[in-house]
Amino acid sequence: MQHEATQHIKPKQKHRRRMLPNGRPVFVIVTAVIIILLGWQVISAFSVTTETTPAVQVTVNDSILADGWFFRDETAITGSTGDTIKHIVYSGERVQQNSALAVVYSDEQALMLSRELTPLENRIALLDTALQSATDGADAAKLDQMIILQLQQMAAQAKSGTGSALSSASNTLRTLALRREAGNADTAAITAERDALLLEQSSLNAQLAGHTTQLTAPTSGYFSEVVDGYEDVLTLDTLEDLSIAQFHELTESQPDKSNTSLGKIIEGFSWYLVSEITAEDANRFSEGQSLRVNFTQASLETPVTVHAVLKERGADTALLVLEGTEFNSEMVSMRQQPIEIILATYTGLKVPKKAVRIQESTNSSGETVQQTGVFILSGSFQKFKIINTLFEADDFYVVEQSATNVDMLVEQDQIIIRGKNLQNNMVVKQ
C-alpha cells in the first residue's frame, strides 16, 4: 500500500515542476510590455512638439460632378461624300439661312485651282489698297492707331475661336500695314503687277467654270462640321416629359453614322444639357437658378440657368436640365461631356479640421459663450483666433478672412495642428 501511495504522489510533484518554469516567463513578459507602453505614453505626453501649418488663401467650388448630354434642334446639311469641299465658315459661327457655308468642287483638280486662286485674290486686293493709299495721302499716325486696335481685336477673336472673323481681321491688318507704307510705293510697278495678276485670275476662273457649286445654310443657326448621328434623337421635343428610363434609352442607343451629311446647323440661340444626378443633390436646384458649368475635358466654363429638375416618386436619381446661350467652336462639336456643375465658389483661408477647437469665454453680460476657432503660434505665444466657416470640405474648412478684426484668422497665421496645453496667451517653450 505504501508503494502504491508513493507512486501516486510522485506524478503530482512532477506536474507542478512543469507548470512553474512555463508560467513565470509569460507573466514577466506581459508585465514588461505594459510597463514599456505606459512609459512610452508618459514620455510622449511630455515630449509633444508644437506642429503648425500656415493659413493660406484658397478658392474652392461647391460643385457636383456629372455626365452632361446636349439636347438641341439640329438640321443636317446633305451632300455627296465623294465631293471635294472647301468650307467658307468655321464651326461655332452664326450663319443666316441661305448664306454660303462651303464651295463644293467636282474633283481634286478643281480644288487645287481654287487654292491657287485664293492668295491671288488677296494679293490683288492689297495692291488695290496700295494704289488708293498712295494717292489719298493717308495719315500715318491714324493708321498706326488703327493697326493697334486691329491687333487687339484679333487677340480677342483668337481667344473666342471665331475662325472666319479672325481670317478677315488678318486681311484687314495686312491692308492697314500696306497703307502705312504706301507713301513710298512705286505706283507704276504696283499697277503692272496688279494687271498681271488680274490676267492670271481670269484664266483660273475660266478653268473652274462649271466645276463648283455652293453649299448654303438650310436654316439660321450655328454651324458645326461634326455630325454624330444623334441629330434626330436628342432633340428639344424629347425634353418634354422626359423620364429617367427614356433618357437611358436615348443616350444608350447606337447613333446612325452612315449618313452623308457635310455638317449641321444648330438652330436657335440656346442649348440644353441634361445630367442624371442623385435625388439628394437634385434638392439643391430650382428652376431659374443661375449656375456655372465647367466642361472639364475642354477646360471651358460657361454660365447656365436651371431649365428644369425632373424628379420621379421613389427614384434614387433625377434629371437636371441646364440651359446655356454661349456658343463656340468646341461647344457645337460636343455631345456627351464630363461636367462640373458649380453652385457657388468660395475664397477664404484653408483650415485643417483637426486644428479646430471650441473655446469658452465670458461676454460683456457675464454669460459664458462658446467660440469656434483655432490656436496659432505667434512668436512664443499661443493665441486663439475666431473662425467663421464659409465652406466645408472632407478634411478642411474654408473660413472667412478679415482685414479689420484682429481676433480673426488672417493669411499666413501659423495654425497649430498639434500641441499640448493649448491656452490663449500661453508661452510655448522652444
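Which residues have the most contacts inside the largest nonpolar core?

Reply: This is a predicted model, and what follows is computed from it. Inside the largest nonpolar core, the residues with the most contacts are Trp271, Leu273, Phe285, Leu291, Phe295, Leu322 and Ile341. That core has 26 residues. Two or more residues each are given to this core by β2 (57–71), β10 (271–278), β11 (290–295), β12 (300–310), β13 (317–324) and β14 (336–352). Leu291 shows how these parts meet. Setting aside residues up to four places away in sequence, Leu291 touches Phe285, Pro303, Val304, Val306, Leu322, Ile341, Ile342 and Leu343.

Now the rings. The whole structure holds 7 aromatic pairs. In one of them, Phe70 and Phe295 have ring centres 5.8 Å apart and planes at 15°, so this pair is stacked. Phe70 belongs to strand β2 and Phe295 to strand β11, so the pair ties together parts 225 residues apart in sequence. Phe70 counts as buried because its relative accessibility is 0%, under the 20% cut-off. Phe295 also counts as buried, at 0% relative accessibility. Ring pairs link Phe70 and Phe295 with Trp271 into a cluster.

A second stacked pair is formed by Tyr222 and Phe327, with ring centres 3.9 Å apart and planes at 10°. Tyr222 lies in strand β8 (residues 221–224), while Phe327 is in the loop between β13 and β14, so the pair ties together parts 105 residues apart in sequence. Both Tyr222 and Phe327 are buried. Tyr222 has a charged neighbour as well: Arg94 lies over the face of its ring, 5.1 Å from the ring centre. Elsewhere, Lys353 lies over the face of Tyr397, at 5.4 Å from the ring centre.

Ala55 is found in the loop between β1 (51–54) and β2, and is buried, with a relative accessible area of 0%. Beyond neighbours within four places in sequence, Ala55 is in contact with Leu349, Lys350, Leu409, Val410, Glu411, Gln412, Asp413 and Ile415. The C-alpha atoms of Ala55 and Asp413 are separated by 5.3 Å, although the two residues are 358 apart along the chain.

For the chain as a whole, there are 7 helices and 21 strands, and 33% of the 430 residues count as buried. Among contacts between residues at least 6 apart in sequence, 76% join residues at least 24 apart.

How values were computed: Residues are numbered from 1 along each chain as its sequence is written. This is a predicted model: local features need pLDDT of at least 70, side-chain atom pairs count only at pLDDT 80 or more; totals for chains, interfaces and linings use all residues. Side-chain values use heavy atoms; hydrogens and water are left out. Helices (H or I, at least four residues) and strands (E, at least two) are DSSP runs, numbered from the N terminus. Buried means under 20% relative accessible area, exposed over 50%, partly exposed in between (1.4 Å probe, protein chains only). Contact means heavy atoms within 4.5 Å. A nonpolar core is a set of buried Ala, Val, Leu, Ile, Met, Phe, Trp, Tyr and Cys residues joined through side-chain atoms within 4.5 Å. Rings of Phe, Tyr and Trp (its six-membered ring) pair if their centres lie within 6.5 Å; planes under 30 degrees apart count as stacked, over 60 as edge-to-face and the rest as tilted. A charge sits over a ring if NZ of Lys or CZ of Arg is within 6 Å of the ring centre and within 35 degrees of the ring normal.
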